[in-house]
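Student: Let us go through this model together. Please show the sequence and structure, and then take my questions one at a time.

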Amino acid sequence: MKRSLLGRIWPNAAALVLALGFVFPVYWMFTTAFKPNGDIITEDPVWFPLNGTFEHFSTAVNAPNFWSLVGNSVTVTVLAVGLSLLIALCGSFAVARMRFKGRKGIILTFMVAQMAPWEVLVISIYMIVRDADMLNSLVPLTFFYMLMVLPFTLLTLRGYVAAVPKELEESAMVDGCTRTQAFVKIIFPLLAPGLMATSLFGFITAWNEFPLVLVLNKEPDKGTLPLWLSQFQSQFGDDWGATMAAASIFALPILVLFLFLQRKAVGGLTAGAVKG
Amino acid sequence: MSVQIEDAVQNSAPRIGKGGAPPPGRRRGTGRAAGKAPYLLLIPALAATAVFLGWPMVRNLILSFQNLNMKQLIQHLTEWRGFGNYSDILGGEQFWRVTVRTIVFTGVNVVLIMTLGVLIGLLLARLGKKMRLVLSVALVLTWAMPVIAATTVFQWLFDARYGVVNWVLDKLGWHSMAHYDWVGSQLSTFFVITVLIVWQSLPFVALNLYAATTTIPKELYEAARMDGAGTWKVFTSVTFPFLKPFFLATTFLEIIWVFKAFPQIFAINEGGPDRLTETLPIYAFTEGVGNLHFGMGAAISLLTIVVLLGMTAYYLRLTLKQEEDEA
């Protein structure tokens, strides 16, 4: 179909404007982080960090407890996502591949669990963790984060497991594999993209979590990076350079991970959404 | 939480399940051992859900019937109040005001997100390869921005004195905005929060809508064009019906996500000024954790769950029905 010149120009123009609009806050975060204070506190914005400096990054990195909180964040996120993948993989296999009594109820349970308003459950979680004498510990955080991503992981993996043709598994079993062997050798490799996509979302959730850690881990070196960032900001007040450097450090790992894995993530989620 | 969001289309992902499900007659292993296998596989997931979600829910229910403030907490006293917390909350004005505000806030955001998200998704489908890549990368970077980092950046963008937004508005001739304090009034604070939330949510809807449109058979479009359908007609007669499950699942997720939005509102102005931008989750948090009225906070959070269930009941019923059809 032929389109007029105007018809070809406007979508591109619109796309360019949108792309700039979307990326600007991210750009502004990184560039502010590199600007000397004189270029930040000005009546007219400086659009490019021509006099770049690492001073704000060193302020952020040398802030009290930074490294221990990085360690905490990485530990909690990796453990929570790893555990939930393991548990969800077992569960999704059962739900996608087997018929059994109560299956529907179990699926519904996970759907509702996924709606869990963690933000409003902080009070009761605080009580439980306090009574167990585990405030300021990474253990409860890890387990709660695991459960925050578990229903999503399980339900999404269920789609991926179901999408693997049953015949592959059956022929492996005809060839003498047990069900477990068939799973490990045949299905698991085919699930790799699904595991990557779901773990990506798990990573973001756990990396980002704020209300729970805000209430449970109050000691300065026992929290995670979101807490550090929010406190850093109130502590450094109007030092926007340092604050933006801190935000950049916090955001960078996820931005990089996402750019690497996005193709899989986007395609994977929709595969499920459309084949109604 | 943003993810939670992205908690994405998982709801619908299960639906592919039906393709993989064997007809009952073909199932393997009718023996007892095979009969137990699914339960064994599900035990860890169910146990974890019961302990880390079920228990807090039950605890929350119990708390909501107690009079628990700082004093009782320190002295480990248990004082029961029956339905006292609930009648206080439901009898007062604040809860209803916050509920209406939350529903309006969620509605406005979800409508904006779905409309703009679909438009951008359709635009992606129309673009050439290069421009599509440019826009996609921009969207992915936005999508990946952690909520707390994004919130911090928005505070800087909307900073009264050196924020770039005020500078632009001033240059555009709106001089009264030169040093405008965005978090000084209810509407302007909500405006900043809405821009932030919509900005964060659009990539998910747009990218997934675009990916979804690629699965629509080309013939459908050609047939519609041959019948002389215009852009709008093609959308309503081909795209929308074909992607209906996608629209339902995404709208449902966005409702949950916007409704539960916590760090954005909390970090921008802690529900201020004067508690005028508190939504239900913030209200429950402020009453419970901030003001140390734990029993009251628990009761509010329970009512919050009820409101959220009410807003999503339609979708839940629909999915449940679908599962029934499949079983």
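Tutor: First a definition: helices (H or I, at least four residues) and strands (E, at least two) are DSSP runs, numbered from the N terminus. The model is predicted: local features need pLDDT of at least 70, side-chain atom pairs count only at pLDDT 80 or more, and totals for chains, interfaces and linings use all residues. Residues are numbered from 1 along each chain as written, chains are lettered from A and ligands numbered from 1 in written order, and side-chain values use heavy atoms, without hydrogens and water.

Student: How far apart are the end C-alpha atoms of residues 37-58 of chain B?

Tutor: The unreviewed UniProt entry annotates residues 37-58 of chain B as a transmembrane region. Such annotations may be inferred rather than shown by experiment; positions follow the numbering used here, and feature names are shortened. The span is 100% helix and 0% strand, and its end C-alpha atoms are apart by 29 Å.

Student: Which kind of aromatic pair do Trp143(B) and Phe204(B) form?

Tutor: Rings of Phe, Tyr and Trp (its six-membered ring) pair if their centres lie within 6.5 Å; planes under 30 degrees apart count as stacked, over 60 as edge-to-face and the rest as tilted. The whole structure holds 43 aromatic pairs over all chains. For Trp143(B) and Phe204(B) the centres are 5.8 Å apart and the planes stand at 70 degrees, so the pair is edge-to-face.

Student: How many residues apart in sequence are the parts that Trp143(B) and Phe204(B) tie together?

Tutor: Trp143(B) sits in helix α7 (residues 129-144) of chain B. Phe204(B) sits in helix α10 (residues 186-213) of chain B, so the pair links parts whose separation in sequence is 61 residues.

Student: Are Phe252(B) and Tyr315(B) buried or exposed?

Tutor: Phe252(B) and Tyr315(B) form a stacked pair, 4.1 Å centre to centre with 20 degrees between the planes. Phe252(B) lies in helix α13 and Tyr315(B) in helix α16, so the pair ties together parts 63 residues apart in sequence. By relative accessible area (buried under 20%, exposed over 50%, partly exposed in between; 1.4 Å probe, protein chains only), both residues are buried.

Student: Which residue of chain A meets Arg59(B) in a salt bridge?

Tutor: A salt bridge needs a side-chain nitrogen of Lys or Arg within 4 Å of a carboxyl oxygen of Asp or Glu. Across the interface of chain B and chain A there are two. In one, at 3.0 Å from N to O, the partner of Arg59(B) is Asp131(A).
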